[in-house]
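Colleague: I am new to this structure and would like to go through it slowly. Could you take my questions in turn and show how each answer is reached?

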Amino acid sequence: MENRQQWGTRAGFILAAAGSAIGLGNIWRFPAVAYENGGGAFFFPYLFALLTAGIPLLVLEFIIGHKYRGSAPWSFSRIHKKAEWLGWWQVAISFIISTYYSVVIAWALSYTVFAFNLKWGNDTEKFLFGHYLKLAETPGQFGGIVLSVFIPLALIWIINLSVLYKGVKKGIEAANKIFLPTLVVLFLIIVIRAVTLDGAVEGLNAFFKPDWDKIADGKVWIAAYSQIFFSLSIAFAIMITYSSYLPKKSDLTNNAFITGFANSGFELLAGIGVFSVLGFLAQQEGVPVSEVVKGGVGLAFVVFPKIINEFPAFNAFFGVLFFLSLTLAGLTSLISISETYVAGIQDKFGIKREKAVFIGGGIAALLSLIFASNGGLYFLDVVDYFINSFGVALAGLAEVVIIAWIVRELNQFQSHANSVSDIMLGAWWKICLSIITPLVLGYMMIDNIRTNLK
Ligand code: PFF
């Protein structure tokens, strides 16, 4: 791939990779997962998963992109001529995720506007499902597109596709250089206010209180590994694509460590912020913290508006800050997810970026309308469930098995990274990828299938 676009600076690449990793998952998934899986004790499996699978796989994906200088399908086809499908499988997962991830960002954008006058009122649940989403009474019922979701969704796609249209340096890098630092500043302001609220200490106690018995539970370890894979955007073709734009001289291993720790740092920050405000809410309502803990859509769009209503002062200000943060965190991830198919189409058909953005982005944007309908939330739940249960584990497992056991390229990849990095990859890296990761991902897949057959 000659004349491939490149990142302008090293910081630009790291910001883009961290921007991809730091997403909705950090804010609404991690805090609840950690709480349910042992609280303070969860940090051990979590850190273990980060060091034995997260960072090693991130290094691997950075090497693949950097070495083959192409999108995921292109790169896998160079690794083994029969492995191109794996690249497309990963791209397909990203494509599908982009169709509904964009819709959730659109909700966050709407809520940023609603926050100015706390439009959601007191019954935040009724507002979300009834007033805003106009959710159908019965699942599967399709009554057309909901205009209040369509407008922000169109805006999100326009922003996303314009960034991609402008290319790697002028589009993706430039956007991340603005969005990610802004997100961190906004989020820090929220967290500082959150920890000083009444009841924050009780919330943090609930979050950090270790339940050591849980450490012996296999499910907790699976939860830790799943969170790491999801959060670091691994096996979605994303990191391969981003690293294919790195210049020849790039410290891959170091970049992976920085990205991994930046993501986990933000995750911890989000956990502290979320549990501080949950502690505050529990105190306002006179209930134990355990009764208000939630993750996902319910946390962001039902519980958070409720908390903002009860803020002692500057409610609207903090409301805007929170939903704007959610929007920015989501956008930088959406950009990376969408870039996987833009790059894939470009490499496969030899067409220009602009055309690939129109075709790939255009189809994804059209499909996202399904989730902007009044049955949208039901569809979203089903698709998200299947993608997470079957898509990701298979994609990651096939990746490590092909590389470590079929083509047996780990030694070569190790030399590739060590020739450009300050941090030397040793035997630990190969053990993580050839033994630990395949075992965990294999177990995860079997476990998913078993629970689904029940
Ligand atoms: N890592 C991002 C997040 O945590 O939100 C992006 C992402 C990864 C989104 C995987 C969705 C997904 F399934």
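The questions and answers below go from the ligand to the helices and then to some single residues.

Colleague: Before we look at details, what kind of model is this?

Modeller: Local features are described here where pLDDT is at least 70, and side-chain atom pairs count only at pLDDT 80 or more. Such limits belong to a model that is predicted.

Colleague: Which helix gives the most to the shell around the ligand?

Modeller: The residues that surround the ligand include Gly25, Asn26, Ile97, Tyr101, Phe230 and Ser333. Helices α2 (24-36), α5 (84-115) and α10 (218-231) each supply at least two residues of this shell. With three residues, the helix that gives the most is α2.

Colleague: Is α1 roughly parallel or roughly perpendicular to α14?

Modeller: Helix α1, residues 10-21, packs with helix α14, residues 315-349, at an angle of about 105°, and their axes are 7 Å apart. Angles of 65 to 115 degrees count as roughly perpendicular. The angle between the two helices therefore makes α1, relative to α14, roughly perpendicular.

Colleague: Which residues of α14 make the contact with α1, and how many residues of that contact are polar?

Modeller: On the side of α1 the contact is made by Ala16, Gly19 and Ser20, while α14 contributes Thr332, Ser333 and Ser336. Divided by class, the residues of the contact of α1 with α14 are one nonpolar, no charged and, for the class you asked about, five polar.

Colleague: How many charged residues does the contact of α4 with α14 have?

Modeller: From α4 the contact takes Ala72, Pro73 and Trp74, and from α14 it takes Thr340, Gly344, Asp347 and Lys348. By class, the residues of this contact are three nonpolar, two polar and, for the charged class, two.

Colleague: Why are the buried residues of α9 on the same side of that helix, and which helices do they pack against?

Modeller: In helix α9, residues 200-208, the buried residues are Ala200, Gly203 and Phe207. They cover an arc of only 65° around the axis, and this is why they are on the same side of α9. In general, an α-helix has 3.6 residues a turn, so residues three or four places apart point the same way. The buried residues of α9 pack against α2, α8 (168-195) and α12 (252-285).

Colleague: Is Ala237 buried or exposed?

Modeller: Ala237 is found in the loop between α10 and α11 (238-243), and its phi, near 75°, is a positive value in a residue other than glycine. Because it has 34 C-beta neighbours inside 10 Å, Ala237 counts as buried.

Colleague: Is Arg408 buried or exposed?

Modeller: Arg408 has its place in the loop between α16 and α17 (410-420), and although it is not a glycine, it has a positive phi of about 50°. Because it has 11 C-beta neighbours inside 10 Å, Arg408 counts as exposed.

Colleague: How far apart in space are Asn374 and Pro139, C-alpha to C-alpha?

Modeller: Asn374 is found in the loop between α15 (353-368) and α16, and with 18 other C-beta atoms within 10 Å it is partly exposed. Leaving out residues up to four places away in sequence, Asn374 touches residues including Lys134, Leu135 and Val146. Asn374 and Pro139 are 235 residues apart in sequence, and their separation in space, C-alpha to C-alpha, is 9.6 Å.

Colleague: Which residues does Phe379 touch, not counting residues up to four places away in sequence?

Modeller: Phe379 has its place in helix α16, residues 376-406, and with 18 C-beta neighbours inside 10 Å it counts as partly exposed. Once residues up to four places away in sequence are left out, Phe379 touches Ile370 and Phe371.

How values were computed. Residues numbered from 1 in each chain as written. Near = placed C-beta within 6 Å. Helix = DSSP H or I, 4+ residues; strand = E, 2+ residues; numbered from the N terminus. Axes fitted to C-alpha atoms, helices over the stretch in contact; angles between N-to-C directions. Parallel < 35°, antiparallel > 145°, perpendicular 65-115°, else oblique. Contact = placed C-beta atoms within 7 Å. Nonpolar A, V, L, I, M, F, W, Y, C, P; charged D, E, K, R; others polar. Buried ≥ 20, exposed ≤ 12 C-beta atoms within 10 Å, placed from the backbone. Arc of directions from axis to C-beta.
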